[in-house]
Amino acid sequence: MQRASQARTFFLALALAAPLAKAQTAPSRAEQAILQLTNQTRATHNLPPVHWDSALARAAKVHAQRVLREQGELLHQYPGEPDMTTRGAQAGAHFTTISENIGRGPDPTTLQQTWMSSPTHRANILDPNLDAIGIAVIPDQGFLTAVEDFSHSATVQSYDSLEKRVAQILQSHGIASAPSNADARETCTMPTGAAGSPKLVVQWDGPDPTLLPDALLHAISTGQYTSAEVGVCSSKQPNPQFTTYNVAVLLY
C-alpha cells in the first residue's frame with residue numbers, strides 16, 4: 001500500500017461556501033468503515049470521536065480524484081492544484097486547523113493499519129485537538145484510493161459576538177467598555193478617518209479579531225486610556241481568500 005506524508009496547516013478558514021457546496025455528502029460504505037475504525041482507534045486511546053463533516057468530505061473527494069488521475073506518487077498538492085487549506089475552504093469547511101492522510105490499499109482495514117504504522121499519519125488520527133473528519137474513497141482496479149481530511153472546527157460568529165469578545169479581552173487589560181460602540185462600527189466601515197472624538201484609533205485586518213495587535217497592547221500599557229469602543233466588520237482587503245475581519249478599537 002502507498003501512503004503519503006502527513007500534511008497539516010494551522011489557519012483560521014471561515015470560507016463562504018457557494019450554494020452548490022452546501023449539499024450534504026453521505027459517506028459510502030468504505031468511508032463509513034474508515035470513520036468507524038478511526039473512532040475505534042481514538043477510543044482505545046481515551047480520545048473523543050471525530051464527527052463527519054460533509055464539507056471536508058467534498059474537499060477530500062476533489063483531491064482523491066486528482067490522486068487517482070495522477071497514478072503516481074501520493075502528494076498533498078499536485079502542480080496547478082490548490083493547497084489543502086484552500087481546498088477545504090472552497091468546499092465550505094470552517095476550521096482553525098486542517099490535516100490530511102492519503103493512502104491506497106485493498107480495503108479500509110489495511111488502510112487504517114498502514115496509517116497507524118506511520119508516525120505522521122498516526123499523529124493525525126490520534127490528535128486530541130481534531131474533532132472533524134471528511135473521507136473520500138474511490139475504488140479502482142481492486143484497490144481503494146483514500147483521502148481523509150481532519151480539522152479542528154471553527155464556528156462562524158456574528159460581528160456583535162466578536163465585538164463582545166474583543167471588549168471582554170480589553171476589560172481584562174483594565175479598559176472599560178464605552179456605553180455605545182456606534183462610532184467604532186462606523187469607523188470600521190470608513191475608508192479613512194474615524195467617527196467621534198477618540199484619543200486613539202487602532203484598526204487592523206485579520207482572521208481572528210481576538211488576537212490583539214502589538215500596537216493596541218502597547219497603547220493600553222501606557223495607562224493613558226480607560227475605555228474603548230469596538231467595531232467589527234468585513235475585511236478591507238480586496239478579495240480575501242478566507243473570511244477575515246476588520247476591527248476598529250477607539251480608545252478614550
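Helices (H or I, at least four residues) and strands (E, at least two) are DSSP runs, numbered from the N terminus. The structure is a predicted model, in which local features need pLDDT of at least 70 and side-chain atom pairs count only at pLDDT 80 or more, while totals for chains, interfaces and linings use all residues. Residues are numbered from 1 along each chain as its sequence is written, and side-chain values use heavy atoms, with hydrogens and water left out.

Helix 6 consists of 14 residues and reaches 20 Å from its first C-alpha to its last, close to the 20 Å expected at 1.5 Å a residue, where the expected span is 1.5 Å times one less than the number of residues. Gly174, which follows helix 6, has a positive phi, near 90°.

Leu162, Glu163, Val166, Ala167 and Leu170 are the buried residues of helix 6 (buried: under 20% relative accessible area; exposed: over 50%; partly exposed: in between; 1.4 Å probe, protein chains only). Because they cover an arc of only 140° around the axis, they lie on the same side of helix 6; the arc is that of the directions from the helix axis to the C-beta atoms. Gln168 and Ser172, on the other side of helix 6, are exposed. The cover over the buried residues includes strand 7 (176–177), helix 7 (182–189) and strand 9 (227–234), among others.

Glu163 lies within helix 6 (residues 159–172) and counts as buried because its relative accessibility is 4%. Not counting residues up to four places away in sequence, Glu163 touches Asn181, Arg185, Val230, Gly231 and Val232, contact meaning heavy atoms within 4.5 Å. Glu163 and Gly231 are 68 residues apart along the chain, and their C-alpha atoms are separated by 6.0 Å.
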